[in-house]
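Dear colleague,

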Amino acid sequence: MSATQELLDLAQKHMTPNYNPARFIVDRGEGAWVWDLDGNKYLDFTSGIAVNSLGHAHPKVVKAIQDQAAKVSHTSNIFHHEPYVRVCEFLS
């Protein structure tokens, strides 16, 4: 059994079927492209659900995430933190 089929079987067994996902397993992404476990390349013209559409693995985004994760990775809006305040300022 292929690694793809094994993971698809596990997904069907253990995941809630609230979507009808594509029948391949995304292995990695770069920019607007993703590759599956078999090395096939796909144009990812979607974005995640309730997230951004910045593409995959852009070096500046990866660095920003790494830097922030080294400090604090998540807070609710009960707390202020500088990046949140700065982005609110920028957006307004």
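The notes below take the sheet and then the salt bridges.

Please keep in mind that this is a predicted model. The strands form an open sheet of 3 strands in the order β1-β2-β3, with antiparallel pairing, and its edge strands are β1 (26–30) and β3 (41–43), each of which pairs on one side only. From one strand to the next the twist averages 30 degrees. Between β2, which covers residues 33–36, and β3 the antiparallel pairing runs over 3 bridges, and W35 stands opposite K41 in β3.

As for charged side chains, the structure holds 4 salt bridges. One of them links R28 to E30, with the closest N and O atoms 3.9 Å apart; R28 counts as partly exposed because its relative accessibility is 40%, and E30 counts as partly exposed at 48%.

In helix α2 (residues 59–69), K63 and D67 are 4 residues apart and so are separated by about one helical turn, and they form a salt bridge whose closest N and O atoms are 2.7 Å apart. Both ends are partly exposed, K63 at 46% relative accessibility and D67 at 37%.

Helix α3 (residues 82–91) holds R86 and E89, 3 residues apart, or about one turn of the helix, and salt bridges that share partners join E82, R86 and E89 into one network. The side chains of R86 and E89 meet at 3.6 Å, N to O; R86 is partly exposed, with a relative accessible area of 48%, whereas E89, at 53% relative accessibility, counts as exposed.

Note on methods:
Residues are numbered from 1 along each chain as its sequence is written. This is a predicted model: local features need pLDDT of at least 70, side-chain atom pairs count only at pLDDT 80 or more; totals for chains, interfaces and linings use all residues. Side-chain values use heavy atoms; hydrogens and water are left out. Two strands pair if DSSP finds at least two bridges between them. Helices (H or I, at least four residues) and strands (E, at least two) are DSSP runs, numbered from the N terminus. Axes are lines fitted to C-alpha atoms, for helices over the stretch in contact, and angles run from 0 to 180 degrees between N-to-C directions. Buried means under 20% relative accessible area, exposed over 50%, partly exposed in between (1.4 Å probe, protein chains only).
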